[in-house]
Amino acid sequence: MKRPAFMIIFAVVAALFATEAQAVVELDARYWFTNLSSDVKVTESGLAGTKIDLADDLGVDDSKGFLEGRVTLGFGDHHIRYSYMPMSWDGDETVTQSVNFEGKTYSAGTRVKSNFDIAYHRLGYEYDIVNTLGNKFGVIAEVKYFDIDASLKSSVNSESKSLAVPLPAFGVAVQVGLPAFLSVGAEITGITAGNAGNLVDAEASLNLTPAPLVTISAGYRYLGLHAEQGNDEVNFKVSGPFAMVSVGF
C-alpha cells in the first residue's frame, strides 16, 4: 500500500512554525470499535462490475477494532495535525450469486477469499476562534487521503484493484468545559465534491483531564465515504464507540 508524503510535509511545516513560537506537542492514541457497512463496484474490459456488499456477499466480519495515531503541534490558537489509521477486512465465503469484479466473473457456488484495506491519512490545520476556561470553538481545514485496495481470489481467478482518493475537507471543533475536570467535545469535517467524492467524519466525546496535558476520552465516531473513479465505485461507512488517550508536552 502506497503512503503519501504527509509525514514529510508535516515535519517541514512544523519546523517552520517552530522557528516562530514555542510549540506544544500532543500525541493521541485511539482505539475505535467499528461496525462496517460498505460495498464496492469495479468494472474492467467492458464487463460491468457488480456492486458487492462486503459483509453480505463476501462474508467480511463487519465488527472490528482499529488503532489510530495522531500528532498535533500547537502554537497558541494555531494547530497543525497529522493522523494515520490503517483498516483491513478479510472474507472467505461461497458466493450465492455471480459476481463481476475487475473484468472477471466469480460464479455462484464459488468459494471466494477477499481482502479490503484502507489507509486513512489526515493532514490539517485548526484555528481556535475561542479558547478560554476549557471552552473552545475552532475551524478546521484538512487534506484527507484514502489509499484503498480490494482483492478477490478463487481457485480460478485472482484480481485486485487500488484506488487513491484525495479530498479537501473543512469543518469545526467545539469543546465545552464542565466541573470536575470534565468536558464534552465534538468535531465534524467533510466535503461534497459530486462524483469525485463525498465525505463526512464526525465524532463526539466526554473528556477527563486528570492532570495537565493529559486527557482520557470516550466517545462515538462516524466515517462515511462515497467515491467514484470512472466506472469504479466505493461506498464506505464505519461507525462505533472509541476510547482515546492524549498526552502533551
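Mentor: What follows covers one lysine, then some aromatic rings.

Mentor: This is a predicted model, where local features need pLDDT of at least 70, side-chain atom pairs count only at pLDDT 80 or more, and totals for chains, interfaces and linings use all residues. Residues are numbered from 1 along each chain as its sequence is written, and side-chain values use heavy atoms, with hydrogens and water left out.

Trainee: Where does K144 lie?
Mentor: In strand β8, residues 135-153; strands are DSSP runs of E, at least two residues, numbered from the N terminus.

Trainee: Buried or exposed?
Mentor: K144 counts as buried, because its relative accessibility is 0%. Buried means under 20% relative accessible area, exposed over 50%, partly exposed in between, with a 1.4 Å probe and protein chains only.

Trainee: Which residues is K144 in contact with, leaving aside neighbours within four places in sequence?
Mentor: Among them are Y120, V165, T189 and D201, where contact means heavy atoms within 4.5 Å.

Trainee: Switching to rings. How many aromatic pairs?
Mentor: Six. Rings of Phe, Tyr and Trp (its six-membered ring) pair if their centres lie within 6.5 Å; planes under 30 degrees apart count as stacked, over 60 as edge-to-face and the rest as tilted. Y31 and F33 are edge-to-face, because their planes are at 70°, with ring centres 4.9 Å apart.

Trainee: What about W89 and F116?
Mentor: That pair is tilted, since the planes are at 35°; the centres are 5.9 Å apart. W89 is in strand β4 and F116 in strand β7, 27 residues apart.

Trainee: Which aromatic cluster has W89 and F116?
Mentor: One formed by F66, W89, F116 and F236.

Technical notes
Helices (H or I, at least four residues) and strands (E, at least two) are DSSP runs, numbered from the N terminus.
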